[in-house]
Amino acid sequence: MTPKHLGQSSSLPASPDEAVLDYVPNPRPGRPYLVRFTAPEFTSLCPVTGQPDFAHLVIDYVPGDSIVESKSLKLFLGSFRNHAGFHEDCTVGIGERLTAEMKPQWLRIGGYWYPRGGIPIDVFWQSGPVPDGLWLPDQGVPTYRGRG
């Protein structure tokens, strides 16, 4: 579990498939706590038009034996800049990959996508029921309201 990116010069991966996520041991194993990552400037490409899509992502998880190293997560999320995928595919794919590799006790992701064609699309996914006794704050991202 030696991180490949932390303390190293790392370039942005060309695609999510090429991105390597690093994991380090959970410093508080056996204790249920919530970790939150917020990516307010996430971008990907529309698979039909090639135009950029923008989202505010919020990733919440309860660690198992490991935690994701934040620089590798930043590079992984940045690798979507040239990735063509629908909002649903990007959001759920990120959640599923983190869950499969990190094996958290629980994970949820909220993808708050900005409108294209006049319709905002919000995508939510979680790995299972919320663990008992976990303090789970609201993700804090209001639904899109335009200028009003």
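Where does Leu107 lie? Leu107 is in strand β5.

First, the ground rules. This is a predicted model, where local features need pLDDT of at least 70, side-chain atom pairs count only at pLDDT 80 or more, and totals for chains, interfaces and linings use all residues. Residues are numbered from 1 along each chain as its sequence is written, and side-chain values use heavy atoms, with hydrogens and water left out.

Now the overall fold. The protein has two helices and six strands. Helices here are DSSP runs of H or I with at least four residues, strands are runs of E with at least two, and both are numbered from the N terminus. Along the sequence, the order is β-β-β-β-α-α-β-β. The radius of gyration is 16 Å, close to the 15 Å from the globule rule for 148 residues, so the protein is as compact as a globular protein of that length. That radius is taken over C-alpha atoms, and the rule is 2.2 Å times the number of residues to the power 0.38. The C-alpha trace spans about 45 × 40 × 20 Å along its principal axes.

Next, surface and interior. Areas come from the Shrake-Rupley method with a 1.4 Å probe; for residues, only the protein chains shown count as cover. Of the 148 residues, 43% are buried. Buried means under 20% relative accessible area, exposed means over 50%, and partly exposed is in between, with a 1.4 Å probe and protein chains only. Then contacts, meaning heavy atoms within 4.5 Å. Among contacts with a separation of 6 or more, 70% are between residues 24 or more positions apart.

Back to Leu107. Is Leu107 buried or exposed? Leu107 counts as buried, because its relative accessibility is 0%. Setting aside neighbours within four places in sequence, Leu107 has contacts that include Ile59, Tyr61, Leu98, Met102 and Trp125. Take Trp125: 18 residues from Leu107 in sequence, and 8.3 Å from Leu107 in space, C-alpha to C-alpha.

Ser44 sits in strand β2, and its relative accessible area is 1%. Beyond four places in sequence, Ser44 is in contact with several residues, including Pro52, Asp53, Phe80, Cys90 and Trp113.

On to helix α1, residues 70-78. Which residues of α1 are buried? They are Ser72, Leu73, Leu75, Phe76, Leu77 and Gly78. These buried residues pack against β2 (35-45), β3 (52-62), β4 (66-68) and α2 (87-102). At the start of α1, look at Glu69. A side-chain oxygen of Glu69 comes within 2.9 Å of the backbone nitrogen of Lys71.

Now salt bridges. The definition is a side-chain nitrogen of Lys or Arg within 4 Å of a carboxyl oxygen of Asp or Glu. By that rule there are four.

Arg36 pairs with Asp60, with the closest N and O atoms 2.6 Å apart. Arg36 is in strand β2 and Asp60 in strand β3, so this pair ties together parts 24 residues apart in sequence. Arg36 is partly exposed at 30% relative accessibility, whereas Asp60 is buried at 0%.

Asp60 also forms a salt bridge with Arg108, and here the closest N and O atoms are 2.7 Å apart. This pair links strand β3, which holds Asp60, to strand β5, which holds Arg108, 48 residues apart. Both Asp60 and Arg108 are buried. Put together, Arg36, Asp60 and Arg108 are linked in a salt-bridge network.

Arg116 is in the loop between β5 and β6, and Asp53 is in strand β3, so the pair ties together parts 63 residues apart in sequence. Arg116 is partly exposed at 32% relative accessibility. Asp53 is buried, with a relative accessible area of 3%.

Which residues make the nonpolar surface patch? Phe54, Tyr114 and Tyr144 make it, and it covers about 320 Å². Patch residues have over 30% relative accessible area and no salt bridge; like charges are joined within 9 Å, nonpolar side chains (Val, Leu, Ile, Met, Phe, Trp, Tyr) within 5 Å. Tyr114 is in the loop between β5 (106-113) and β6 (122-126). Tyr114 is partly exposed, at 37% relative accessible area.

That's my tour. Thanks.

Definitions and conventions
A polar contact is a pair of N or O atoms within 3.5 Å; within protein, one must be able to donate a hydrogen and the other to accept it, and residues adjacent in sequence count only if both atoms are side-chain atoms.
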